[in-house]
Amino acid sequence: MEIIDAWMQFPNKAYLQDPMFDSLRRWPTAWKALAKDNPDITFDEALDTFRDQGVAKVLASAWWGPLGPMITNDEIAASVFAHPDQIVGIASVDICRPMDAVRELRRCVRDLGFKGLRVLPWLWGLPPDDRRYYPLYAECIELDITFCLQVGHAGPMRPSEPGRPMPYLDNVAHEFPELRIVGGHIGFPWVSEMISLMMKHPNVYVDTSAYKASRFPAELVAYMRGAGKNKVLFGTNYPMLTPADCLEGISALNLGEDVQRSFLAENARRAFKLND
């Protein structure tokens, strides 16, 4: 089956070794190994991992926080230009400078061909219904691209409350019903809240990045088998986990061929309009 990774990063040395991610490097993950043994990994080297493990396409995101960019939009653009059939660019911007952010988003989409925007609420300490996001939501709709954000608890040592789906993301989906929204990292420990949002709002999706299939909550698996067949996307959160890590145990979920095909690729194509 085709596999599309809906949430990953091509890391650089500064990103891999930033103290903010000390909590993620406690665990025996790909991130820990790269930070120690290969912090200068290139995007070509990283992409080889995805090819070797059966992933056809990745949605690679830039990383912008209050202190500036950690992975720039132009770094991601370089990888897209080198491998346009395998890499899709996802932009990141400074939400505290709204007009600069809107102009940068336009550049990324119109000039660089990016298909989405990603903002991490925990990184900014601002829930997604904060006024500083709103010009970007309007621009995402005008550009016909997808907005991505982290939902659930924050792995780095930052407060998790901005990642709670209700009421914050619910407010956004009500006020911008045309906006396609993909929440990353399942939404744990508020998985039921995230499922209820997807049941309620046609344009709200979730991906499973940062979680192995063996760790999917039971309520999420039940949703995937039923009403959520078209709402859940596969993701890794590389360099935290590799595709092989995340796919381990997927057969034990008993999703069935149709659901598994939707989960691994078709839902990403729909949520990000990749066929366009």
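Axes here are lines fitted to C-alpha atoms, for helices over the stretch in contact, and angles run from 0 to 180 degrees between N-to-C directions. Helices are DSSP runs (H or I, at least four residues), numbered from the N terminus.

I'm working on a predicted model, where local features need pLDDT of at least 70, side-chain atom pairs count only at pLDDT 80 or more, and totals for chains, interfaces and linings use all residues. Residues are numbered from 1 along each chain as its sequence is written, and side-chain values use heavy atoms, with hydrogens and water left out.

**α9 and α10**

I looked up α9 against helix α10 (residues 218–225): their axes are 9 Å apart and the packing angle is about 20°. That makes α9 roughly parallel to α10 (the term covers angles under 35 degrees). I noted a left-handed crossing for α9 and α10; left-handed means the near helix is turned anticlockwise from the far one by less than a right angle, right-handed clockwise.

Next I checked contacts (heavy atoms within 4.5 Å). From α9, Val-191, Ser-192, Ile-195, Met-198 and Met-199 meet Glu-219, Leu-220 and Tyr-223 of α10.

**α8 and α9**

Then I turned to helix α8 (residues 165–175) and helix α9 (residues 191–200), whose axes come within 10 Å and cross at roughly 15°. That makes α8 roughly parallel to α9 as well. I have the crossing of α8 past α9 down as right-handed.

On the α8 side I listed Pro-165, Met-166, Leu-169, Asp-170 and His-174, which meet Glu-193, Met-194, Ser-196, Leu-197 and Lys-200 in α9.

Note on methods. Helix = DSSP H or I, 4+ residues; strand = E, 2+ residues; numbered from the N terminus. Parallel < 35°, antiparallel > 145°, perpendicular 65-115°, else oblique.
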